[in-house]
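Please look over the sequence and the model shown here before reading the report. The text is meant to be read alongside them.

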Amino acid sequence: MDDATLARWLAVAHPLWMTVSLGLAVATARLGLEIRSRRRHGEAVGRALRDRHLRFGQSAIALVVVGFAAGPPSMAWLRGRPIFESFHAVLGLIVLGLFLWTGWSGRALAAGNREARDVHRIAAAASIAVALVSAVAGFRLLP
């Protein structure tokens, strides 16, 4: 494999990583919606469902943070483009902040702060929505 082929494969690594991250975030959101649905219908949520939601959420946030950190090197070294000068980069910063906010509010909720429930729900929905917009904006940066 020559250097150009390797660089092309590496340039696709960031988008693939972030696609997996977003998929895990959506799976986490589905679990969160299941928790909400059970709560609204007066059903028991169960520790296993809560723990799974927490595990998925922590993993999704970790993947997003690592993927965000991989974005600028990918732009600079593999694409030869300036970092943080694209709309995708600006959205990436926003997405990172929203995912961290989701994690922060989720941590407060897990610690028993029921007032964090609405903040967590809004932050999670905004995280996924802006991440989808960021993904679309990133299409034009693909090799």
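## Basis of the model

The structure is a predicted model, and the descriptions that follow should be read with that in mind.

## The largest nonpolar core

The largest nonpolar core comprises nine residues, namely Leu22, Ala25, Ala60, Ile61, Val64, Val95, Phe99, Ile128 and Ala131. At least two residues of this core come from each of the helices α1 (3–40), α2 (47–78), α3 (87–110) and α4 (116–138), and the greatest contribution, three residues, is made by α2.

Ile128, a member of this core, is in contact with Leu22, Ala25, Val26 and Ala29 when residues up to four places away in sequence are not counted.

A polar atom of the Thr28 side chain lies 2.8 Å from the backbone oxygen of Leu24.

## The largest pocket

The largest pocket holds about 1,000 Å³ of space. Its lining is made up of 35 residues, of which Gly32, His53, Gly106, Leu109 and His120 are the closest to the centre of the pocket, and the elements that each give two or more residues to this lining are α1, α2, α3 and α4.

Sorted by class, the lining of the largest pocket consists of 15 nonpolar, 10 polar and 10 charged residues.

## The second largest pocket

For the second largest pocket, the volume is about 610 Å³. This pocket is lined by 30 residues, and those closest to its centre are His14, Met18, His88, Ser134 and Ala135. Two or more residues of the lining of the second largest pocket come from each of α1, α2, α3 and α4, with α2 giving the most, at seven residues.

The lining of the second largest pocket divides into 18 nonpolar residues, 11 polar residues and one charged residue.

Notes: Residues numbered from 1 in each chain as written. Predicted model: local features only at pLDDT ≥ 70, side-chain atom pairs only at ≥ 80, totals over all residues. Heavy atoms only, no water. Core = buried A, V, L, I, M, F, W, Y, C linked by side-chain atoms within 4.5 Å. Buried < 20%, exposed > 50% of the residue type's maximum accessible area, 1.4 Å probe, protein only. Helix = DSSP H or I, 4+ residues; strand = E, 2+ residues; numbered from the N terminus. Contact = heavy atoms within 4.5 Å. 1 Å grid on protein atoms, 1.4 Å probe; cavity = no way out; pocket = protein on both sides within 12 Å on 5 of 7 lines; lining within 4 Å. Points joined across faces, edges and corners; volume = space filled by probe spheres on them. Nonpolar A, V, L, I, M, F, W, Y, C, P; charged D, E, K, R; others polar. Polar contact = N/O pair within 3.5 Å; in protein donor to acceptor, adjacent residues only side chain to side chain.
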